Amino acid sequence: MSIIYKRTSMCGELNINNVGQEVVLNGWVAKRRNLGSLIFVDLRDKTGIVQVTFDENVPKEVFDLADSVRSEYVIGVKGVVRERSAKNDQIATGDIEVEATDMIVYSESDTPPIYIKDDDDAADSLRMKYRYLDLRKPHMQRNLSFRHKLVKVTRDYFDENGFTEVETPYLIKSTPEGARDYIVPSRTFPGEFYALPQSPQLFKQLLMVGGTDRYMQVVKCFRDEDLRADRQPEFTQIDLEMSFADQDTVIEVQEGYLKRVFKECLGVDIQIPLQRMPWDEAMERFGSDKPDLRFGFELKKLNDVVENCSFKVFTDCLASGGDVRGICVDGGSEFFSRKDIDKLTEMSKHYGAKGLVWIRLNADGITSSANKFFAPEELAEIAKVFDAKEGDLILIVSDKAKVTYDTLGFLRRECAGRMGLLNDKEYKLLWVVDFPMFEEDEETGRLKAMHHPFTCPKLDQLDLLKTDPLKLKADAYDIVLNGVELGGGSVRIHDRKLQKMMFEALGLTDEECDEKFGFLIEAFKYGAPPHAGLAYGLDRFVMLLLGEPSIREVIAFPKNQNAQCLVSGAPSVVDDAQLEELGIEVRHE
C-alpha cells in the first residue's frame, strides 16, 4: 500500500501570512530547475502554483529524488513556508516559497503531448483527445470551479424560494420537439425504442399536475443537430416550472435569481426590473429576437423613401411585398474597405440576401454602390433617415421581411465585433416578450409552433386563431444577454379544450395527438393547475459570464464539431452479439 501525505494546504492558497508554518502539499510538477546546490520545483494543483526549494539541508536521498522529477510527475512535499528574497508578481504565491524537508513521488509521467499552460496553442483536436491533460490548465480549472459556483447559487436560490429539485427520466417516449432525437433500442421490446429527452418539458408539466407546485432541476438534455460554438449534442439546462404563476410571476422570480448570480459569481450589481421588449419591436429595431444592446446600428425601414426611386432592385422588391431596410455603422466608412464590404456581402448570402447596397458618407460627399441610380440628394435623403454623419457607412438589404431581418441582424453584430464594440464585461440583459404563437414552415407552408405546442396563446387574441393565426401572440418570454438567449419559457396550456385547438391549428389529427402526447392529455383530465416555466442553458450561461468563445471551454468532456468524444472514441462500433440481442441489423452503405 502506497504512502499518501495528508495534505494541509492547497498550493495556490499559501501567502505571506503562512510564513513559518509547516505544510504538506500534493500536486503536479509544473517545472523543475537544478542550479547545482539548489533545486526549484514549481508545484501545481487546481488552486495554482507555489515554488518549492530543495537545498543542502535536506537529506541526500530527498535532494536526489527532487532532481529526478520531471514535468507532470505527481508528488507530495513536506516543508516550511518562508518569504522569498526574489519575489514573483506573476503568480498569487509569489511572495513566498516552501522550503522542503521531505518528498514522495506518487507517479511518474511521460512527456505530455500538449503543454499544460494557458497560452498553449495546441489544436482543438489534441485538446479534446487529451482533455484530462487540458483540464489541468489554470483557466480550465477556473471555468469548472466557476460552473460549480453558479450551480450552487442556483440550487440555493431556488431552494430558498420554495422549489423542489426533482429528477425526470432519461429513457422516454419520442415526442416531436424541433430537433432529431437520440434513440435507444429496447432489449425487452425488440423493434421498439426509447428516446433521450430534448428537454423535460412534458414531465415537468406532469409534476405540476402532481402537485409539486414549484419544480427545478439541473438536467442533461440531448438533441441530434448540427453543432456550433454554443451548441453540443448533450447539454445542461436549469429547468423550472411553477404552478399558479403567470408571466409576471415567473419574471419576478427569475430576476431575483439573475441578480443573485451576477452578484455572487461576478461581483456585479444588475438593476432590476429588467427591460421588457416586445418581439415585434426587437425584430424591427435589431433584426433579431435576441437583441444585443451594447451598441447601436439599429435597423431602419426605407420603404417610403425609396418607393419611387429608379433603382429597380428596390422597387421590384416593394412591388412583390418585400421590404427595404438598412443599418448605419457609426464610423464604418473609414473602418471598412471595399474589400471588407465585399466579404460582408458574401457572408450575407448565407442569410438569403442577394446582395448589399452600401452608402459612404465621406468628407468629399456621399458615394454609393448604386450611384448611377440615385441622385446625391436622394442618397442624402436616405442618410437622413439614419441621422448619418460624416464617416458613417450605411448597409441596405431588400428582400422579404425575414431575409432583411436575418441579414441585418447578422451584419450589425458582425460589424460591431470587427470594430471591437463587443465588451464581454458589459452585461445588457432584457426580456423579449409577446412572441408569435406560430410561424410558417417554409417547406410545407403549414403552421408550426414558434416555441412548442404547449405554449399558451394570448387569450384576449384567441379569435385570431381562425382568422389570422400568424398574428396571434403567445404568452412566451426569453431572457437575453448580450445578443444571446440565456433561457426561454412560457405560460403553458392547462385546459384540454384549448390544447386540442392548438393541435388542430398545427394540423395534428386526434390519432397523432394521442400517439405523441396522449399521456399528457390524459393527465389534464384530472385537474391541472395553471402553470408556467422557463429553462436556462447552463453551459451557455457559464460561457457568457466567463467571456469564453465556445461552450466546449466550460464542459469537462465535450464532443467535437462532429459530435465525437475524442477521449473515449465514442461513437463506436458494437459487436454482433450486442446487436443480435437487441434485434438490430446494421447495413453498411
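Contact is taken as heavy atoms within 4.5 Å, axes are lines fitted to C-alpha atoms (for helices over the stretch in contact), with angles from 0 to 180 degrees between N-to-C directions, and helices (H or I, at least four residues) and strands (E, at least two) are DSSP runs numbered from the N terminus. The model is predicted, so that local features need pLDDT of at least 70 and side-chain atom pairs count only at pLDDT 80 or more, while totals for chains, interfaces and linings use all residues. Residues are numbered from 1 along each chain as its sequence is written, and side-chain values use heavy atoms, with hydrogens and water left out.

Strands are treated as paired if DSSP finds at least two bridges between them. Five strands close into a barrel in the order E1-E2-E3-E5-E4, with mixed pairing; from one strand to the next, the twist averages 55°. Helix H1 (residues 60–68) lies across strands E1 (22–34), E2 (39–45), E3 (48–54) and E5, and runs at about 75° to E5.

A further set of pairings involves strand E9 (residues 214–222). Buried denotes under 20% relative accessible area, exposed over 50%, and partly exposed in between (1.4 Å probe, protein chains only). Seven of the nine residues of E9 are buried, so the strand is largely enclosed by the rest of the structure. Strand E6 (residues 164–165) runs parallel to E9 and is joined to it by two bridges, with Glu165 opposite Met216 in E9. Strand E10 (residues 234–243) runs antiparallel to E9, and nine bridges join the two; Asp239 in E10 is the bridge partner of Gln217.

Helix H13 (401–418) was examined for its length and surroundings. The expected span of a helix is 1.5 Å times one less than its number of residues; the 18 residues of H13 should therefore span 26 Å, and its end C-alpha atoms are 26 Å apart, which agrees. The buried residues of H13 include Tyr405, Leu408, Phe410, Leu411, Arg412 and Cys415. Among the elements covering its buried residues are helix H7 (279–286), strand E13 (323–329), helix H11 (338–348) and strand E16 (393–399). Gly420, with a positive phi near 75°, follows H13.

Rings of Phe, Tyr and Trp (its six-membered ring) pair if their centres lie within 6.5 Å; planes under 30 degrees apart count as stacked, over 60 as edge-to-face and the rest as tilted. The structure holds 21 aromatic pairs. One of these is the edge-to-face pair of Phe262 and Tyr427, at 5.3 Å centre to centre and 70° between the planes. Phe262 lies in helix H6 (residues 247–266) and Tyr427 in the loop between H13 and strand E17 (429–433), so the pair ties together parts that are 165 residues apart in sequence. Phe262 is buried, with a relative accessible area of 0%, and Tyr427 is buried at 17%. Phe295 and Phe297 also form an edge-to-face pair, at 5.4 Å centre to centre and 65° between the planes; both residues are buried.

A charge sits over a ring if NZ of Lys or CZ of Arg is within 6 Å of the ring centre and within 35 degrees of the ring normal. Lys78 lies over the face of Tyr5, at 4.6 Å from the ring centre, and the charged end of Lys129 sits over the ring of Tyr130, 5.6 Å from its centre.
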